[in-house]
Amino acid sequence: MTMPVVLIAEELSPATVEALGPDFEIRYCNGADRDELLAAIPDADAILVRSATKVDAEALAAGRRLKVIARAGVGLDNVDVRAATMAGVMVVNAPTSNIVSAAELAVALMLAAARHVSPAHAALKNGEWKRSRYTGIELYEKTVGIVGLGRIGVLVAQRLSAFGMKVVAYDPYVQAGRAAQMGVRLVDLDTLLVEADFMSVHLPKTAETAGLIGAEQLAKVKSSLVLVNAARGGIVDESALYAALKEGRVAAAGLDVFAEEPCTDSPLFELENVVATPHLGASTDEAQEKAGIAVARSVRLALSGELVPDAVNVQGGVIAEDVRPGIPLTEKLGRVFTGLAGEVAQQVDVEVRGEITDYDVKVLELAALKGIFADIVEDQVSYVNAPLLAAERGTAVRLVADPESPDHRNLITIRGTLADGSQVSVSGTLIGIGQRERLVEVNGFDVDLEPTEHLAFLTYGDRPGMVGTVGVILGDAGINIAGMQVSRQAPGGQALVALSVDTAIPADTLADIQHAIDAESVRAVNLV
């Protein structure tokens, strides 16, 4: 049997090849050499690139066998995603590979700007010893404002907290309670601008965030402010920043990104109080290795017929950035649904509500089915065979999309009818720019629980002492409760306890709980 050919068109870490495994024929070419690329690509089932190889319509036309293009990094400027989609070729990247590297660079820029490292270094190399001129400021006990508390923003907040800084953050999509758990005080943007001694920007660049920090905002800050942007160029207005730095209304800046890149000629580079780097956020050995490993795994999934969570496009349709984070959440909801149902449902509705319905959400139906059948059948369940498994078992499936979502920006619900006519439902949402997963409804009960590896759901008649009884039984069994939610429809009516625990609950312990609280239903779900 002929093995699929994987073409590696640029230098990648050895770990990338190891992650691909022995099931593929690995070939190499210099993707930056156009003729060499076009000669090598016709035999390839997959191609792995970084930033130097252009996979455009011409390359796609030559790659007749191509099934997947893998970019070992975040950006896709060198891949024609539209042409790939029209050709039915999957495009994948590694969106989380560089988050630690980006966070560390933001901290490095902040320290360098605060202590005048760049100009002091240049002066010393020029034979000048200027200790008094380059007196800096400490981070300790200063206030840092994090603009965007997503994955990278959280990492920066954690690291700067260790410096003894007070952390405030602006992020309209993060709950204050969640921020407080991290020791971060959520504020509006104007408050952050007024209070911050240091500011670090960690937002995606969108129509809403372009120019977010402009002349009007910089007029409100302290003249001692040190501003860092290692996110995306254009979020901070470079002309306004130049004027503020030049006039002493902002003390210093650390910049890794620019509105137009590559950028080698900017008025900002003339200023001694600016430390600048050429978009080095992802430029570490570790980030490159993580990116290579991530896309290698994606290639394995793609060539085995699986849907890839990091796919930019799939099955002829583009997966929007707003839809992609919902895929793993929906799979988990499917597994929770099956755990609650305890049988194969006759009818399943996958309900998607909110802003996300502006995009094609068909992929979430596949994700739900994959989760629903993952713990039912012995064979491996994929995005390809999940609909067939539903048809074989007589499960009718319907996707419902509704732009109205009164309580959440976006909401995904899996609702099913069982053989006896009863219904089971579970709902989840994603919170904040970090897109954190939450269960928010189980069988009509409101909850707020992270879908961790080990969950349990107990339904019983509401009366005093039941929660304590459950805690004692789990404690006696050596099972630690990580999170607990109690919800009821009315005092004295039905109640639900939703538990997140550190280890799986044995069947005999579940039976003890059911007997002790006279539970109508006790269900455990293990998402491992």
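Here is the close look, followed by a tour of some other places.

Modeller: Happy to. This is a predicted model, in which local features need pLDDT of at least 70 and side-chain atom pairs count only at pLDDT 80 or more, while totals for chains, interfaces and linings use all residues. Residues are numbered from 1 along each chain as its sequence is written, and side-chain values use heavy atoms, with hydrogens and water left out.

Let us start with Glu331, which sits in helix α13 (residues 326-341). Helices here are DSSP runs of H or I with at least four residues, strands are runs of E with at least two, and both are numbered from the N terminus. Glu331 is buried but has no salt bridge. Buried means under 20% relative accessible area, exposed means over 50%, and partly exposed lies in between (1.4 Å probe, protein chains only). A salt bridge needs a side-chain nitrogen of Lys or Arg within 4 Å of a carboxyl oxygen of Asp or Glu. For Glu331, the nearest side chain of opposite charge is that of Lys370, 4.0 Å away. Lys and Arg are taken as positive and Asp and Glu as negative, with His and the chain ends not counted.

What surrounds Glu331? Setting aside residues up to four places away in sequence, Glu331 touches Ala367, Lys370, Gly371 and Tyr383; contact means heavy atoms within 4.5 Å. Gly371 belongs to helix α14 and counts as buried because its relative accessibility is 1%. Beyond its neighbours within four places in sequence, Gly371 is in contact with Glu331, Gly334, Arg335 and Thr338. The C-alpha atoms of Gly371 and Pro328 are 9.1 Å apart, although 43 residues separate the two along the chain.

Now step back to the two helices. The axes of α13 and α14 (residues 362-374) are 7 Å apart, and the helices pack at an angle of about 40 degrees. The contact draws on α13 residues including Ile327, Thr330, Glu331 and Phe337, and on α14 residues including Leu364, Ala367, Lys370 and Ile372. Axes are lines fitted to C-alpha atoms, for helices over the stretch in contact, with angles from 0 to 180 degrees between N-to-C directions. The crossing is right-handed, that is, the near helix is turned clockwise from the far one by less than a right angle.

While Glu331 has no salt bridge, the whole structure holds 24 of them. In one, the side chains of Arg300 and Asp23 meet at 3.1 Å, N to O. Arg300 is in helix α12 (residues 285-303) and Asp23 is in the loop between α1 (14-20) and β2 (25-28), so the pair ties together parts 277 residues apart in sequence. Both ends are partly exposed, Arg300 at 31% and Asp23 at 40%. Arg249 also forms a salt bridge, with Glu247, their closest N and O atoms being 2.8 Å apart. Arg249 is partly exposed at 30%, whereas Glu247 is exposed at 54%. Elsewhere, salt bridges that share partners join Glu351, Arg353, Asp402 and Arg415 into one network.

In α16 (residues 466-476), Met466, Val470, Ile473 and Leu474 are buried. Their arc around the axis is only 95 degrees, which puts them on the same side of α16; the arc is that of the directions from the helix axis to the C-beta atoms. Their cover includes β21 (454-461), β22 (481-488), β23 (494-501) and α17 (507-517). In α11 (residues 238-246), the buried residues are Ala240, Leu241, Ala244 and Leu245. They span an arc of only 130 degrees, which puts them on the same side of α11, and Ser239 and Lys246 are exposed on the other side. The buried residues of α11 pack against α10 (215-218), β11 (252-255) and β12 (274-276).

Finally, some backbone details. Most residues other than glycine have a negative phi, and most peptide bonds are trans. Phi of His116 is positive, near 55 degrees, in the loop between α5 (99-114) and α6 (117-125). A cis peptide bond, with omega about 0 degrees, joins Glu261 and Pro262, and Pro262 lies in the loop between β11 and β12.
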